[in-house]
Structures are given as structure tokens and as C-alpha cells.
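Reader: Hi, I'd like to go through the aromatic rings in this one. Can you put the structure up?

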Amino acid sequence: MFLAFIHGFMLALGLILPLGAQNIFVFNQGTHARKLTDVLAAVLAASFCDTLLILLAATGASLLAFSFPVIQNLFLTAGIIFLIWIGCSIWKNTKVHQETDNGRLPAKKQITFALSVSLLNPHAILDTVGVIGTSALRYSGPEKWTFVAACISVSWVWFFVLALSGHGIGKITNGPQALRLINRLSALLIWGIAVFVAVGLIRSLSG
């Protein structure tokens with residue numbers, strides 16, 4: 001079971017470290033938070049979503065759904081649209097008083113955005129289904145759930161660390177101009193992910 005835990009931990013860490021819409025959003029909210037509890041809604045929502053996706057992948061439910069190319073293509077299209085929408089929303093939030101007194105989204109909007117960038121994020125879904133779900137097939141019984149627990153623990157720790165890092169940088173760069181720049185960079189990165197996914201989808205359809 002120890003090897004299953006190490007496998008799950010290293011695999012999940014490798015998948016979650018690259019820059020993605022989830023990471024950008026949680027980090028962005030951390031930079032705007034006056035205290036860490038201000039970004040707790042985003043962290044918890046993203047962590048719960050990852051937990052759900054990992055459980056679905058490990059039980060094979062998501063693997064079955066994504067075995068149909070039509071479903072996968074429809075999901076990717078919806079994901080691209082939502083990534084564009086999320087990028088636009090973050091770009092527009094350039095006034096520090098627009099959403100709250102310090103530019104941070106209210107808890108309800110944090111949850112809504114976190115759900116969007118988690119459950120409608122092509123990278124997050126395909127990584128979870130294609131990599132974690134497939135890897136979980138090699139295990140059974142206690143070893144399988146040890147592997148799953150390791151993957152889930154990485155998500156929870158990572159999002160808290162990400163929010164803490166953003167909070168620290170936000171304190172250093174505290175000021176309207178810096179916060180606007182962070183928002184716009186975050187939006188550009190999310191749009192870049194949307195373009196990358198769209199190119200992959202077009203190639204898949206044309207092939």
C-alpha cells in the first residue's frame with residue numbers, strides 16, 4: 001500500500017503543478033485576499049471538485065462516459081466556452097472596488113467560478129479521467145483506495161498552498177495597479193489555455 005500511496009502522490013503532483021485554469025483562479029483570489037479566510041471558499045470548492053472527479057475516475061464512471069468521442073468533443077467545446085467566459089470575467093474585474101472592497105470575489109462567486117474552472121475545465125477532466133482513472137485500474141481493494149487517497153490529499157494541500165502563495169504575493173504587490181496587472185495576466189493565461197484546447201479539438205475533428 002505504501003507504493004500505491006507514493007504512486008498516487010507523485011502522479012497527482014505531476015498533474016496539478018502545471019499552470020491551469022484552476023491554479024490561476026485560486027492564486028488570483030489569494031492575491032486579492034486581505035486574510036486567508038477570504039479565499040477559503042475558492043480553495044474548498046476547488047478541492048471538493050477534484051475529490052469528486054478523482055472518485056469518479058477511480059470507480060470507472062468517467063472512463064465509461066469519455067469512451068464515446070461525441071461526449072468528449074461536446075465537453076471540450078463547453079469547456080472552451082467557459083474558459084473564455086471566465087477569462088472575460090477576470091479581465092473585467094480591474095477596479096479594486098468592483099466586487100468587494102479589495103477586488104476579491106464574494107464567497108458565492110468564488111464557489112461558482114471554482115466549480116466552472118474545475119468541472120468544465122478540459123485539462124482537469126481529461127487528466128483525471130485519462131491519467132488517474134487509468135492508473136487506478138492497476139490496483140484493487142485497499143491498495144486502490146490508498147492510491148485514490150494520495151491523489152485527493154495532493155489536491156487539498158496544493159490549493160491551500162497556492163492560496164497562501166498568492167496571499168503572500170498580494171501583500172508584497174499591494175496596490176490597484178499591481179492587482180489589475182495580476183487580473184489581466186490571469187485572464188490572458190486562461191484564454192491561452194482555451195486556445196490550446198481549441199486547437200487540439202480542431203485537430204481531433206479534422207483527423
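Reader: How far apart are Phe 5 and Phe 9 in helix H1?
Author: This is a predicted model. In it, Phe 5 and Phe 9 are four residues apart in helix H1 (residues 2-16), so about one helical turn separates them.

Reader: New topic. What kind of pair do Phe 48 and Trp 156 make?
Author: Edge-to-face, because their planes are at 80° and the cut-off for that is over 60 degrees. The ring centres are 5.0 Å apart.

Reader: And where do those two sit in the chain?
Author: In distant parts of the chain, which the pair links. Phe 48 is in helix H3 (residues 40-59). Trp 156 is in helix H8 (residues 141-172). They are 108 residues apart.

Reader: Is Phe 48 buried or exposed?
Author: Exposed, with 52% relative accessibility. The cut-off is over 50%. Trp 156 has a relative accessible area of 23%, so it is partly exposed.

Reader: Zooming out, how many aromatic pairs are there in the whole structure?
Author: Six. One of them is Phe 5 with Phe 9, a stacked pair with 6.3 Å centre to centre and 20° between the planes.

Reader: Which residues form a cluster?
Author: Phe 25, Trp 85 and Phe 113 form one aromatic cluster.

Note on methods: Residues are numbered from 1 along each chain as its sequence is written. This is a predicted model: local features need pLDDT of at least 70, side-chain atom pairs count only at pLDDT 80 or more; totals for chains, interfaces and linings use all residues. Side-chain values use heavy atoms; hydrogens and water are left out. Rings of Phe, Tyr and Trp (its six-membered ring) pair if their centres lie within 6.5 Å; planes under 30 degrees apart count as stacked, over 60 as edge-to-face and the rest as tilted. Buried means under 20% relative accessible area, exposed over 50%, partly exposed in between (1.4 Å probe, protein chains only).
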